[in-house]
Amino acid sequence: MKSRETGDGRWEMGSEGMSSRAGRRGIAIIPAKGPLSGRRRSLAALGMTLVLGVSPAFGQAGNAQRPAAAPAPNAQQPALDLTAVSLPIPAAGKLVAITNATIMTASNGTIKQGTIVIRDGKIAAVGADVPVPAGAKIIDGTGKYVTPGIIDAHSHSAAEAINEGTLSITSMVRIEDVLRQDGISLYRQLAGGTTTLNILHGSANTIGGQNAVVKLRYGLPVDSLKFEGAPPGIKFALGENVRQTNHTLQPGQQGRFPRTRMGVEDLLRDAFTRAQEYRHNWQQYDAKKKAAKTASERAALIPPARDLQLDALVEVLEGKRLVHCHSYRADEILMMLRVGKDFGFRVATFQHVLEGYKIADELAKAGSGASTFADEWAYKMEAWDAIPYNAALMAERGVVVTINSDSDERARRLYQEAAKAMHYGGASEQEALKMITLNAAKQLGIDKRVGSIEVGKDADLAIFTAHPFAPNARVDMTLIDGRVFFDRATSPTLEQLIEQMKQRKPHVASEEE
Amino acid sequence: MNGNWEPGTGNRAPLPSRSRFLAALGMTLLASVAQAQAQTGTYVIRGGTVVPIVGRRIPSGTVVISGGKIQAVGANVQAPQGATVIDATGLFVYPGMIDSGTELGLTEIGSVPGSTDTREIGDFNPQDVALTAVNAHSELIPVTRVNGVTTVVTSATGALMSGTAALIDLWGWTPDEMAIKPRVAQVMSYPSSGGGGRGGGVGGRPQGDASETASRQVRAMRDFFADARAYADVKAKLAAGGSVPNAPRVNQAMESLVPAIRGEMPIIFDVNTIDQIRGVLTLADSFKLKVILRGPRDAWRVADTLAARGIPVIVGPTTQVPGTDDPYDAIYAQPGVLAKAGVKVAFQTSGASDVRDLPYNAALATAYGLDMDEAMKALTINPAQIFGVADRYGSLEPGKVANVIVTTGNPLDVRSNVKYLFIRGEQIPLTDRHTKLFEQFRARPKP
């Protein structure tokens, strides 16, 4: 009963990403009109290949072709299922206006009864006195709250695999290579207003794999997920997970280096020393190649052996690859900062960073962001000093702070998690909102594109039924690039499902016995 | 307020009133005396919006607390002499919230086995008493209560029969002092052959033989109940002066099931899928059990049946992903569906370190159809009724135990804070491990 959504923070349970995987098999159930409960098994079996292959036209036509009478629960299901396997792929919004809404910009306060004009997927205008251009598709925002699309700074969704956990250095592996249209889980995150994910490699290794930043363009081919132009990054990890202290070694299995926090530092310094040497060798080779006077002289030069592990680390050394470092305790964070300083790179973000509040000044001084949980604690020894005031206290001391999910579950309600920064430590409303929007964009180096409602930025927006921090707030609509990727009005809901079941008497009778 | 001795509770005093208990046992422990004295404090909370849960809200109301109990609630209440006055102008007064399923006090740090007592070896341990292992000084307890959760059900879970749960207030020097009902219910898990997303099966057995395992477990469970029924019958016969040849000697496991098999003690069934729910209903019919469903995903499918049969449902945690093929809002929307059908609903977090998030679990349900007032009931009077303590808990009414929170707003709203906290009429400091670390490091000088 008590097994919980587990993510990076709880990797020791050996289930990183596992819980989400169950959700990945499935697909969205379309609003529809069939006896949803009756198709559960076949839907799962059909899997998501259908989602990807279905065009919008097919989706609509399919609905239209729905048989008028439902078959018996177990008869001929696939025929019915085909009508309902894909969400309509949203039309590209050429010109859209959200009118009369409360607009929480995340950068410039809140606009009451404001209008947002979206042109070709970008925010063209925002304000209280913005005229609605002729021909715009209107989304009536009366009584609604609009926020920037939520950015989850720590996710493990949409990836086929999370942890290449065999080596302590796996900087050569890339999440990008195993991205997939992740089925229902991505849709459910959209339904929580989330639009961008930082998909990180797991925390099994001190130097993990390369991350991928994606937009939740659910329903489009997998190539469409990638956030074009987002700076590349890499996952590092410290503490209990990489030390494997919570693993039970199988008989015959050997422990892996490093086993202590001292060993972790050694591993990092060794890796970056090798990376420096590798870079030096390449620089020498390049210089000689440049200095070569003849083609035969050039041909005689032998290039250094290419090393994919070190390539990524050289990019870190050169500031071209952002380091996102899983961490808990203050001491290990300080160690990482020292290593970064000694090798001349900034750690872009510390992830989890549950003791960040103890060394907030050091984080601020180093210019490292902090991406933390709202109130998780006590799940392992290194989370014992975690406090929910962490986010607010670090922000107070000048750190760029985000609150992340690290979970397919929390990613559905990051707005509620952000409000905890107000509850614990008294962050302002805008500061709390920034922790799931603009600050995340800054940490990922995509703040020119997303993170706030400003002219020129991508029209990635969440429309709430109430103030996003209010207890009964629900997402009504989620837009990415001005396209509606989630709309509660056309989404299959429990209420709808119950209604359908009631209408199908024989079916209900069998369900109810 | 009477000593609420349960059948078969052995020597545990439930301690509704500490002073009476101490007097009865003739104890003179200094610390306890000091606490007993604190309990006699008289408080007047006035000027706030009083939300008594039972009865209408009072815009500018007064709540009087004395002798550990609520003495008066109303718009025009005389303040007793010498009372400590708490100005609640602009604030809200609610009863303390109740979490209907936790492991609080039984675990400290999840990954440190030495700190957890949540799962005994073996499938059948109905004789295990959760209260035995409740660490009254767990750091998790103050962290929970400062957020307005004053009372919890705590127990081991995960076995087919995990033993009895305790209903405890989050205040007291010993487990006994915390207890409201030392043995409030048996906790059981109904076997699952998988499905419904997470959590299928008991004991993490491989999926392949899950179905076979489940049917074997159901059979074992039924056998166990049948034995308990026979044991209870023999016991009744002996008690009536009859003689039974080869009467059994005392069997702890059977003994512990007697109250449940007689329908005097409810059984909390941790379930998930519709198959498990149906299984529980069948078991309840076979053995005339008083059952409570906890944690189901599929209860909405049989909401009307559950309402008609008066079976309460403890929902949650709502912070889960729905089953693979369920609508995206299934978990959030289920509590509203159940409440509308007339099912008595309460909430659980099912955790320990996150019990403080109880009101936010309910908040998610209000966004998807659960009425806000119903949600507050599901955190207060409903669990009090489900666990048979509604005469003492769950609302702000004269004579009830003074578990009272004074908040800056709706407790379901994450932005609200608890300003004052009373448990059994004692004002509890709003400090915990987290506030201490916060203050400590907030005061750290710039390096």
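The legends below describe close-up views of a predicted model. In this predicted model, local features need pLDDT of at least 70 and side-chain atom pairs count only at pLDDT 80 or more, while totals for chains, interfaces and linings use all residues. Residues are numbered from 1 along each chain as its sequence is written, and chains are lettered from A and ligands numbered from 1 in the order in which they are written.

View 1. Chain A holds 18 helices and 17 strands, where helices (H or I, at least four residues) and strands (E, at least two) are DSSP runs numbered from the N terminus. Of its 513 residues, 57% count as buried, a residue being buried if 20 or more other C-beta atoms, placed from the backbone, lie within 10 Å of its own.

**View 2. Helix α10 of chain A and its surroundings.** Helix α10(A) spans residues 308–317, and its buried residues are Leu310(A), Ala312(A), Leu313(A), Glu315(A) and Val316(A). These buried residues pack against β8 (207–210), β10 (233–237), α8 (261–291) and β11 (322–327) of chain A. Just after α10(A), Gly319(A) takes a positive phi of about 75°.

**View 3. The packing of α8(A) with α10(A).** The two helices pack at an angle of about 90°, with their axes 9 Å apart; axes are lines fitted to C-alpha atoms, for helices over the stretch in contact, and angles run from 0 to 180 degrees between N-to-C directions. α8(A) and α10(A) are therefore roughly perpendicular to each other, a term that covers angles of 65 to 115 degrees. The contact (C-beta atoms, placed from the backbone, within 7 Å) is made by Ala271(A), Phe272(A), Arg274(A), Ala275(A), Gln276(A), Tyr278(A) and Arg279(A) of α8(A) and by Leu310(A), Leu313(A), Val314(A) and Leu317(A) of α10(A). By class, the residues of this contact divide into 8 nonpolar, 1 polar and 2 charged, where Ala, Val, Leu, Ile, Met, Phe, Trp, Tyr, Cys and Pro count as nonpolar, Asp, Glu, Lys and Arg as charged, and the others, Gly among them, as polar.

**View 4. The two domains of chain B where they touch.** The domain assignment, with bounds from an automatic or database source, gives domain 1 (41–95 + 394–447) and domain 2 (97–393) of chain B. The contact takes 24 residues from domain 1 of chain B and 30 residues from domain 2 of chain B. On the domain 1 side, β14 (404–407), β15 (418–423) and α13 (433–442) of chain B each supply at least two residues, and β15(B) gives the most, with 3 residues. That side of domain 1 has 13 nonpolar, 6 polar and 5 charged residues.

Terms used
Buried ≥ 20, exposed ≤ 12 C-beta atoms within 10 Å, placed from the backbone. Parallel < 35°, antiparallel > 145°, perpendicular 65-115°, else oblique.
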